[in-house]
Amino acid sequence: MDWLEILVMSAAVLSVLAFIGLGILLVRQGHSLRRLQEQVAAGGDEAATAPSMDRLRRLRAEARATAPAAGDAAPAPVRVSDPGRGRRLALIGGLGVLVLALAAGGAWFLFIRDSGSGTTAVTPPPPPPPPAPPSDRVPQNPPPLDNKAAYTVAILNGSGVTGFAATRVVPRVQQAGYSVGAVDNARRDDVQVSMVMYSRGNRVVAQNVAKDLGIRKAPPLGPVAAGRTGGADAVVIVGRDIAGSP
């Protein structure tokens with residue numbers, strides 16, 4: 001519940017209390033007026049206020065001045081009205097209307113405003129999609145390396161062509177400026193597409209090695225190289241696409 005709803009609820013409660021207070025005041029005013037009329041009709045008493053007694057004397061004097069002759073019908077009793085009564089009633093009525101309007105507005109805000117069929121429920125925004133996995137494709141221009149000799153490259157033969165990795169790929173890696181690490185067979189000898197795998201944090205190294213060797217794929221380390229990398233930064237997996245069929 002926010003501050004606006006608390007304010008409206010407080011105004012509604014105060015309006016109801018004010019309406020009850022106005023009702024009590026109106027009842028008391030009605031009793032006072034009836035007692036005053038009864039006192040004036042009975043001729044007044046010592047408890048009447050001075051202004052009321054003065055009005056009563058003036059009205060009696062006017063009645064005697066206009067009294068009819070003997071035998072005429074008895075004059076009608078004089079009704080004494082309170083000139084301020086109309087104003088008080090109008091003021092009380094206006095306040096009552098204001099209180100009812102405030103109470104109705106508070107009830108509408110609290111109970112009816114959000115129950116209409118046209119109200120649209122607010123739904124939370126969907127969570128952001130997970131980041132896409134890095135692509136294995138080697139970019140055309142990967143970030144360059146400052147010192148290629150600082151990185152070790154292992155060569156694993158997965159083509160099934162005996163000696164191809166040691167005799168054909170190792171010299172090319174050395175000519176490109178990298179340090180050659182372990183040279184061994186991969187865990188599979190039917191790798192179709194050559195690739196350069198990388199250890200954690202060495203993706204750019206693998207991309208540069210792949211570009212220098214004309215290889216288009218550079219994924220993270222997988223089972224085909226497990227346990228045979230010798231801790232190299234990048235691992236060339238020689239496939240049949242560059243070695244030919246066995």
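**Salt bridges, fold and core**

Author: We can begin with D190, which counts as partly exposed because its relative accessibility is 33% (buried is under 20% relative accessible area, exposed is over 50%, and partly exposed lies in between, with a 1.4 Å probe and protein chains only). This is a predicted model, in which local features need pLDDT of at least 70 and side-chain atom pairs count only at pLDDT 80 or more, while totals for chains, interfaces and linings use all residues. Residues are numbered from 1 along each chain as its sequence is written, and side-chain values use heavy atoms, with hydrogens and water left out.

Reader: Okay, and which residue does D190 form a salt bridge with?

Author: The partner of D190 is R188, and their closest N and O atoms are 3.0 Å apart (a salt bridge needs a side-chain nitrogen of Lys or Arg within 4 Å of a carboxyl oxygen of Asp or Glu). R188 is also described as partly exposed, because its relative accessibility is 45%.

Reader: How many salt bridges does the structure hold?

Author: There are 2 in the structure, and in the one between D212 and K148 the side chains meet at 3.0 Å, N to O. That pair links distant parts of the chain, 64 residues apart, with D212 in helix α5 and K148 in the loop between α3 (85-112) and β1. D212 is partly exposed because its relative accessible area is 33%, and K148 is partly exposed because its value is 25%.

Reader: Switching topic, how many helices and strands are in the protein chain?

Author: The protein chain has 6 helices and 4 strands (these are DSSP runs numbered from the N terminus, with helices being H or I of at least four residues and strands being E of at least two). Read from the N terminus, the order is α-α-α-β-α-β-β-α-β-α.

Reader: And what share of the residues counts as buried?

Author: Of the 246 residues in the protein chain, 26% are buried. Where residues at least 6 apart in sequence are in contact, 77% of those contacts join residues at least 24 apart (contact means heavy atoms within 4.5 Å).

Reader: Which residues have the most contacts inside the largest nonpolar core?

Author: They are I155, V169, V173, V196, V209, V236 and V238, in a core of 24 residues (a nonpolar core is a set of buried Ala, Val, Leu, Ile, Met, Phe, Trp, Tyr and Cys residues joined through side-chain atoms within 4.5 Å). Two or more residues of this core come from each of β1 (152-157), α4 (164-175), β3 (195-198), α5 (203-213) and β4 (234-238). A second, separate core has 11 residues, including L156, A186, M197 and V235.

Reader: What is V236 in contact with, leaving aside its neighbours within four places in sequence?

Author: Its partners include I155, V169, V196 and V209.

Reader: Is R200 buried or exposed?

Author: R200 counts as exposed, because its relative accessibility is 83%, and its place is in the loop between β3 and α5. R200 and A234 are 34 residues apart in sequence, and their C-alpha atoms are 9.7 Å apart in space.
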